[in-house]
Structures are given as C-alpha cells and as structure tokens.
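Visitor: Can you walk me through this one? I'd like the fold, then the core.

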Amino acid sequence: MNMTNNINEGQIWWNIKQNIPVRITNVIPCTGVWFETAEGVSDCETISFDSIRKAEPDEWAAYLTRERELRDQ
C-alpha cells in the first residue's frame, strides 16, 4: 500500500525514481507532487504518486541531518 492519499506539504517522502528523500512542496490532486531535496533543489516538475513512497524514520532523519549540515555551513 503506497499511502499516497495522506500526503501533506512539508512531509518527507522517498522519491523512488531518484532514490532520495524529498520534502513535499505542493500536492496536485489526482496528478502528483512537487518536491525539494535536502540541498534545496526543486525543479517544479510534477512526479506521479507512483514515484514516491512514505519515507522510513531513518530516511527522514538522514534528510533532516543533511539539511542541518547545509544550513550550518
């Protein structure tokens, strides 16, 4: 079960195609999502709900750690 019916902006999900954690920036109903990486990269391309899954706790922890590291540089 993909659980994409519970997506909210600001949540961290896993981008299956790029194999990276991403923060959801916009949910487009019936279409997909926009996202940004921990590095702040956002291409404003819509990716389908089939291309993401709920991030595991260690995956979102890694995202937040990377985001902090970049902010503190």
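Guide: Here is a short tour, taken topic by topic.

Guide: This is a predicted model, where local features need pLDDT of at least 70, side-chain atom pairs count only at pLDDT 80 or more, and totals for chains, interfaces and linings use all residues. Residues are numbered from 1 along each chain as its sequence is written, and side-chain values use heavy atoms, with hydrogens and water left out.

Visitor: Okay, which helices and strands are in the chain?

Guide: One helix and five strands. From the N terminus on, the order is β-β-β-β-β-α. Helices (H or I, at least four residues) and strands (E, at least two) are DSSP runs, numbered from the N terminus.

Visitor: And why call the chain as compact as a globular protein of that length?

Guide: Because its radius of gyration is 12 Å, close to the 11 Å from the globule rule for 73 residues. That radius is taken over C-alpha atoms, and the rule is 2.2 Å times the number of residues to the power 0.38. The C-alpha atoms fill a box of roughly 40 × 25 × 20 Å along the principal axes.

Visitor: Now the sheet. In what order do the strands come?

Guide: β4-β3-β2-β1-β5, in an open sheet with antiparallel pairing. Two strands pair if DSSP finds at least two bridges between them.

Visitor: Where does the helix sit on the sheet?

Guide: Helix α1 (residues 57-71) packs on the sheet and touches β1, β2, β3 (32-36) and β5. Its direction makes about 90° with that of β2. Contact means heavy atoms within 4.5 Å. Axes are lines fitted to C-alpha atoms, for helices over the stretch in contact, and angles run from 0 to 180 degrees between N-to-C directions.

Visitor: How many bridges pair β1 with β2?

Guide: Four, between β1 (residues 12-15) and β2 (residues 20-28). Asn15 has Ile20 as its bridge partner, and Trp13 stands opposite Val22. The hairpin has four residues between the strands, and Asn19 takes a positive phi near 60°.

Visitor: What about the β2 and β3 hairpin?

Guide: That hairpin has three residues between its strands, with Cys30 in the turn at a positive phi of about 65°. Five bridges join β2 to β3. Val27 is partnered with Val33, and Arg23 stands opposite Glu36.

Visitor: How many bridges join β3 to β4?

Guide: Two, again antiparallel. Gly32 stands opposite Ser48 there.

Visitor: Switching to the core. Which residues make up the largest nonpolar one?

Guide: Nine: Ile7, Trp13, Val22, Ile24, Val33, Phe35, Ile47, Phe49 and Ile52. A nonpolar core is a set of buried Ala, Val, Leu, Ile, Met, Phe, Trp, Tyr and Cys residues joined through side-chain atoms within 4.5 Å. β2 and β3 each supply at least two of this core's residues.

Visitor: What does Ile7 touch, leaving aside neighbours within four places in sequence?

Guide: Trp13, Ile24, Val27, Val33, Phe49 and Ile52.

Visitor: And how much of the chain is buried?

Guide: Of the 73 residues, 29% count as buried. Buried means under 20% relative accessible area, exposed over 50%, and partly exposed in between (1.4 Å probe, protein chains only).
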